[in-house]
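User: I am new to this structure and would like to go through a few points of it. Please take them one at a time.

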Amino acid sequence: MIYGPHNARGAAVHDITGNEKLHGVVSVDTDLGEVCMNHWPLRVKDGEIESYTARFESIHPIQGLEPRPVLFHCYGRKD
């Protein structure tokens, strides 16, 4: 499933294996194991904000008491 501002706004994303919080997350695709992020500081090219994709072995959405995910745990970074 693909998560973004429409169904997971404000959710934190953590690379558990690398022990870091991911910033500038635009979307999370749990089926493909991909997290799309903006560069920080922001980079603009041809009027568009540049982004990149980090790939993981698995991504687990965590809902807690909310109907939508509030946290994502990413395991086994591939790049």
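User: Which residue in β3 is the bridge partner of H14?

Analyst: In this predicted model, strand β2 covers residues 12-15. β2 and β3 run antiparallel and are joined by three bridges. The bridge partner of H14 in β3 is K21.

User: Which element gives the most to the lining of the largest pocket?

Analyst: The largest pocket holds about 230 Å³ of space. Its lining has 13 residues, and A8, R9, G10, V25 and V26 are the closest to the centre. Two elements give two or more residues to this lining, α1 (5-8) and β4 (25-29). The most, four residues, comes from β4.

User: How many residues of that lining are charged?

Analyst: The lining of the largest pocket includes nine nonpolar residues and three polar ones. The number of charged residues is one.

User: Is E66 buried, partly exposed or exposed?

Analyst: E66 lies in the loop between β8 (51-62) and β9 (71-77). Its C-alpha atom is separated by 27 Å from that of T53, 13 residues away along the chain. Exposed requires over 50% relative accessible area and buried under 20%. The relative accessibility of E66 is 45%, so this residue counts as partly exposed.

Note on methods. Residues numbered from 1 in each chain as written. Predicted model: local features only at pLDDT ≥ 70, side-chain atom pairs only at ≥ 80, totals over all residues. Heavy atoms only, no water. 1 Å grid on protein atoms, 1.4 Å probe; cavity = no way out; pocket = protein on both sides within 12 Å on 5 of 7 lines; lining within 4 Å. Points joined across faces, edges and corners; volume = space filled by probe spheres on them. Nonpolar A, V, L, I, M, F, W, Y, C, P; charged D, E, K, R; others polar. Pairing = 2+ DSSP bridges. Buried < 20%, exposed > 50% of the residue type's maximum accessible area, 1.4 Å probe, protein only.
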